[in-house]
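Work through the exercises below with the sequence and the 3D view at hand. Try each task before you read its solution.

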Amino acid sequence: MTVAPMTRTVREAENRLAGFNSDRAHILAEVERRVMNRLCTRAAAGGDASLEYVLNDVCFAECRRLEASGRSKATRHELERWRALGGRLRTMSDDDKRRELRELVAYYGRDIVGNFDNRVYRFANDILPPALGLLFSPLGSLRDGLSAARELDQRIRVEGELDAVREAAERGTLVVTPTHSSNMDSVVIGFALERAGLPPVTYGAGKNLFTNPFISFFMRNLGAYRVDRRLRFELYKDVLKEYSTVLLENGYHSLFFPGGTRSRSNLVEPSLKLGLLGTAITAYKNNVRAGAPHKRIYVVPATINYRLVLEAATLIDDYLAEQGKSRYIIDDDEFSRLGRIVEFMRKILVLEGSVVIRFGRPIDVFGNDVDDDGESLRAGRRVDPASYFRGADGAVADDDQRDDEYTRTLGRRLVEQFPRHTVLHSTHLVARALYDWVASSAGTRDIYRILRVPPSLLAVPLDRAVAAVAELCARVQSDPTVGVLHPALAADTEPVTFESAARILDDAVRALGTYHTRPVVERHGDLITVRDPKLLLYYQNRTAHIRERREQPRPSPVADAGGAA
């Protein structure tokens, strides 16, 4: 893609983030003040919101986490600290409880808070992309490497409603909400924002990601704040959400992965974690209450679409182990090994358009469309978004139940938008065509049963596979709600012929057969043989929102394919 020129908004956002470190103490103080005021107000009202209850919740959750995490000296020391605090809660005065809570809120705030170094930002944007192009290319010569450096923009393609997103950034604060497939996403989306002429953002990153020294250096200095998913108690969640709220109120563009964590199955997110997403609604409500309804917040749906995914094998194994419930935080996958990242970059990002980031049109925090002037639309008519918070007397009313429903409505709108902006690579389409055939042969789509079928049911005739790919492409082109074909596969109005479908299949077989440790599929003459049904499921899942054909004849098993697997 052509790099968009730096706009006034981007320069202002850079300057804003460059001043973040000087704002940090004020932001943390405001977070602490708000959380403590809320806790003390609830405690004064009685019930289960007492200060002792909040502290006991923290102690119980931390003791349970540490008891299950190992027996190192540091762990034992920390565990004893929480046990001791829990043991003396009943004898503590209210002042002691408030003091303990204030220290905890301040501690969690310092643990979460991000950092921004403008020198690192400029290095990442001006020097790192050419360096990556040179480093991650299969070099035939220095000239080849320099050429690859210039062509990195072609490998990471950025498209969609870019003008509308830039205009929204001119008018208000952005909340970018991409799908989440890989730990590479933070790096990729940051590159995409800069190349599209969009402002830099703050974003929450799992604390486990900071164990990779190379990636951690950039995340620590480019606005990422740490999210410790091991901490499940309400006090930590309150501090985290308040931090996000204060950032948005202060005009810091933000990025949330609303799926919460990487999609283990590779499904386009069918449901979202709404905690941080709700802070956009709270921040706008606070702006309206402060007399600044013009300080709009716009939500930008986006999809990150990989031809192949670095951690695919680990993710699908984790998903299939009790449908992803066996582990919540994976800290030993391919992303944790720098050599595996280099291999991924060399093999994957050397191909044009290997990653496509597609931005949708901005919506408001209630899920309403936004017109070209940045005004909210409901049923095609302009509405005042501030009115969503005002009562009959015109005053801003607090109503948690109402705001929760607004958040759910916003979440449903994003879930509706994600498939529409999904870019389907050859690997997704071919995996779907092959999985459909195997499932029809086996009489089931259940992956656990498919893993036990004889090899003869895992072989697909080449001509049938090509025809299935062409038919699937036609379905995508006829229904804009299910996504778009990668631009290299076909133009929007250009029908996919049998010959072009054959080229799509060849491209996918090469990709699926060479990157992963075990080939996903292989071609043997006029047969396509599935070697790894789990990874085939993973890549076909990107198309799972596209309904199956109502009538699909069950094929006969291929008798002579018994030894092909």
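**Exercise 1: Strand E6**

Ile297, Val299, Pro301, Thr303 and Asn305 point one way from E6, while Tyr298, Val300, Ala302, Ile304 and Tyr306 point the other way, and all of them are buried. The model is a predicted one, in which local features need pLDDT of at least 70 and side-chain atom pairs count only at pLDDT 80 or more, whereas totals for chains, interfaces and linings use all residues. Residues are numbered from 1 along each chain as its sequence is written, and side-chain values use heavy atoms, with hydrogens and water left out.

Task: Explain why strand E6 is largely enclosed by the rest of the structure, and find the strands that pair with E6.

Solution. 

Step 1. Buried means under 20% relative accessible area, exposed over 50%, and partly exposed in between (1.4 Å probe, protein chains only). Strands (E, at least two residues) and helices (H or I, at least four) are DSSP runs numbered from the N terminus.

Step 2. List the partners; two strands pair if DSSP finds at least two bridges between them.

- E2 (residues 173-178) pairs with E6 in the parallel sense over 6 bridges, and Val176 stands opposite Val300.
- E7 (residues 355-359) runs antiparallel to E6 and is joined to it by 5 bridges; Asn305 has Val356 of E7 as its bridge partner.
- E8 (residues 363-364) pairs with E6 in the antiparallel sense over 2 bridges, with Asp364 as the bridge partner of Tyr298.

**Exercise 2: Strand E3**

Solution. 

Step 1. Find the neighbours. E5 (residues 254-255) runs parallel to E3, with 2 bridges between them; Ser254 is the bridge partner of Thr202. E4 (residues 224-227) is also parallel to E3, with 4 bridges, and Gly204 stands opposite Tyr225.

Step 2. Follow the chain. From E3 it passes through helix H12 (residues 213-221) to E4, and this β-α-β crossover is right-handed (with the strands pointing away from the viewer, the path from the first strand over the helix to the second runs clockwise).

**Exercise 3: Two pockets**

Task: Which classes of residue line the largest pocket and the second largest pocket?

Solution. 

Step 1. Define a pocket. Nonpolar means Ala, Val, Leu, Ile, Met, Phe, Trp, Tyr, Cys and Pro, charged means Asp, Glu, Lys and Arg, and the others, Gly among them, are polar.

Step 2. Sort the lining of the largest pocket. There are 2 nonpolar, 7 polar and 14 charged residues. H14 gives the largest share, 7 residues.

Step 3. Sort the lining of the second largest pocket. There are 14 nonpolar, 4 polar and 7 charged residues. The largest share, 5 residues, comes from H13.
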